Amino acid sequence: MEDIVKISILSIAISGFVAISVVALSAFALGKNSGTSLKDGPNIDIKYADATSNIAHRNLVGIWGVANERCASDFVIVYSADGRFASGDGREGIEGKWKIDGRIITHNRTIKYNIDDDELNMIINKNPNMYVYTIINLSENELTIDSDGEKFDLIKCHDGNYTFQDGGSFKEG
């Protein structure tokens, strides 16, 4: 009987230690990046430590247009779920791969193109050019990025289509 009591007390102590450790680690992860957050929906504030891979990636996927033009301009930035990106206005642009890490979006440009007199001029880079942007705000429908001190406000264009130069396509919505 005495052994059963000792085992029960030991089990309770271990369970308590595990619960305290989980709470402490969670608090550390949340506090580590305090002051910066992503917004998931209208009133939910999610810390970057929690959101880096899932919510930020999910919110970024789509077709983004210039905010003050309400998706009426030809310029878009496209982020596909498989890590492809494109930006341009249909006559000239760039394409490549993207990734997000915390507040940083990285574009590795592999293709640069322009269309003159209906002729496609494409440059394929064997050594991709890398561009880095800092996320100021990211929600399901709004994106503000900083590029070397210049701020860009973008909105999600829910009825957009984009065809990549290799023929692959992306449709929002």
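Visitor: What makes strand β3 (residues 62-66) and β4 a pair?

Guide: In this predicted model, 4 bridges join β3 to β4. Pairing takes at least two bridges, so these strands qualify. They run antiparallel. W64 stands opposite I77 in β4.

Visitor: How do you know that β4 also pairs with strand β5 (residues 84-88)?

Guide: Apply the same test. There are 4 bridges between β4 and β5, and at least two are required. β4 and β5 therefore pair, and they run antiparallel. V78 stands opposite A86 in β5. The hairpin of β4 and β5 has 4 residues between the strands. G83 in that hairpin takes a positive phi near 95°.

Visitor: Which way do the residues of strand β4 (residues 76-79) point?

Guide: V76 and V78 point one way, and I77 and Y79 the other way. Side chains in a regular strand alternate between the two faces of the sheet. Here all four of these residues are buried.

Visitor: Where is R70, and why is R70 called exposed?

Guide: R70 is in the loop between β3 and β4. Its relative accessibility is 62%. The cut-off for exposed is over 50%, so R70 counts as exposed. Phi of R70 is near 50°, a positive value in a residue other than glycine.

Visitor: Why is C71 called partly exposed?

Guide: C71 has a relative accessible area of 29%. Buried needs under 20% and exposed needs over 50%.

Visitor: What makes S147 buried?

Guide: The relative accessible area of S147 is 19%. The cut-off is under 20%, so S147 is buried. S147 belongs to strand β9 (residues 142-147).

Visitor: Which residues does S147 touch, not counting residues up to four places away in sequence?

Guide: Y133 and F152. To count as a contact, heavy atoms must come within 4.5 Å. The C-alpha atoms of S147 and Y133 are 5.2 Å apart. That distance runs C-alpha to C-alpha, while the contact test takes heavy atoms. In sequence, S147 and Y133 are 14 residues apart.

Visitor: How do you know that strand β8 (residues 119-138) and β9 pair?

Guide: They share 4 bridges, and at least two are needed, so β8 and β9 pair. The sense is antiparallel. L138 has L143 in β9 as its bridge partner. A hairpin joins β8 to β9 through 3 residues.

Visitor: What makes β9 and β10 a pair?

Guide: β9 and β10 have 6 bridges in the antiparallel sense. With at least two required, they pair. L143 stands opposite L154 in β10. The hairpin of β9 and β10 has 2 residues between the strands. In the turn, D148 has a positive phi of about 50°.

Visitor: Which residues line the largest pocket?

Guide: S147, Y133 and F152 are among them. Others include V66, I77, H107, D153 and L154. A lining residue has an atom within 4 Å of a pocket point, so each of these residues meets that test. The largest pocket holds about 220 Å³ of space.

Visitor: Which strand gives the most to the lining of the largest pocket?

Guide: β10 does, with 3 residues. β9 and β10 (150-156) each supply at least two residues of the lining.

Visitor: How many residues of each class are in the lining of the largest pocket?

Guide: The lining has 8 nonpolar, 3 polar and 1 charged residues. D153 is in the lining. Asp counts as charged, so D153 belongs to the charged class.

Visitor: How many of the residues of the chain count as buried?

Guide: Of the 173 residues, 34% do. The chain has 3 helices and 12 strands. It exposes about 10,900 Å², with carbon and sulfur atoms supplying 54% of that area. Take the contacts between residues at least 6 apart in sequence: 40% of them join residues at least 24 apart.

Technical notes. Residues are numbered from 1 along each chain as its sequence is written. This is a predicted model: local features need pLDDT of at least 70, side-chain atom pairs count only at pLDDT 80 or more; totals for chains, interfaces and linings use all residues. Side-chain values use heavy atoms; hydrogens and water are left out. Buried means under 20% relative accessible area, exposed over 50%, partly exposed in between (1.4 Å probe, protein chains only). Accessible areas come from the Shrake-Rupley method with a 1.4 Å probe; for residues, only the protein chains shown count as cover. On a 1 Å grid over the protein atoms alone, a cavity is a set of points where a 1.4 Å probe fits but cannot get out, and a pocket is an open set with protein on both sides within 12 Å along at least five of seven lines; lining residues have an atom within 4 Å of a point. Grid points are joined across faces, edges and corners, and a volume is the space filled by probe spheres set on the points.
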